[in-house]
Amino acid sequence: MRKMDLSPDRIGIAVVEHAGRYLVGVRGDDAPLPGKAEFPGGKCAPRERSREAVVRECLEETGLPVVPVELLAEKSHDYPHGRVQLAFWRCRPANPIDVREEHRAFRWVAAAELASLDFPEANAEVVRGLIDTSKTR
């Protein structure tokens, strides 16, 4: 059975915002969509809610504890490597004192810079929304 015939992988994505900037990394060569920009996140464990997954995944990937603030978007997308069900959560650092310039392989990027980064296709709508929101602030 091909991957596309199975249930989609549920993915929680932490769109971490602090002082008008967003936490962004680059996918590794051993990951699907290598070299693409990414927000912290990953697969939801069985019976794990996406809100819980973003907290766990962000801490594992960046070392930064976060608090989910609002669900920005949910969408399904088909990639060559499989179908995904994405839940994008706007998050804030749990304790702003923990914010550093870099968090492992992630760095803080101004909203205006997001447009110049090569995000996966499924992120386009959310990235556009972040850029548009920053222009009205």
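The model is predicted, so local features need pLDDT of at least 70 and side-chain atom pairs count only at pLDDT 80 or more, while totals for chains, interfaces and linings use all residues. Residues are numbered from 1 along each chain as its sequence is written, and side-chain values use heavy atoms, with hydrogens and water left out.

Start at strand β1, residues 9-18. Strands here are DSSP runs of E with at least two residues, numbered from the N terminus. Seven of the 10 residues in β1 are buried. Buried means under 20% relative accessible area, with a 1.4 Å probe and protein chains only.

Now look at the partners of β1. Two strands pair if DSSP finds at least two bridges between them. β1 and β6 run parallel, joined by eight bridges. Here Arg10 stands opposite Gln85 in β6.

β4, residues 41-43, pairs with β1 in the antiparallel sense, over three bridges. Find Ile11: it stands opposite Lys43 in β4.

β2, residues 21-26, is also antiparallel to β1, with two bridges. Glu17 stands opposite Tyr22 in β2. Two residues lie between the strands in this hairpin, and Ala19 takes a positive phi near 55 degrees.

Next, move to the loop between β5 (66-79) and β6 (82-93), where Pro80 sits. Is Pro80 buried or exposed? Pro80 counts as exposed because its relative accessibility is 85%, and exposed means over 50%. Pro32 is 48 residues away from Pro80 along the chain, yet their C-alpha atoms are separated by 9.2 Å.

Note on methods: Helix = DSSP H or I, 4+ residues; strand = E, 2+ residues; numbered from the N terminus.
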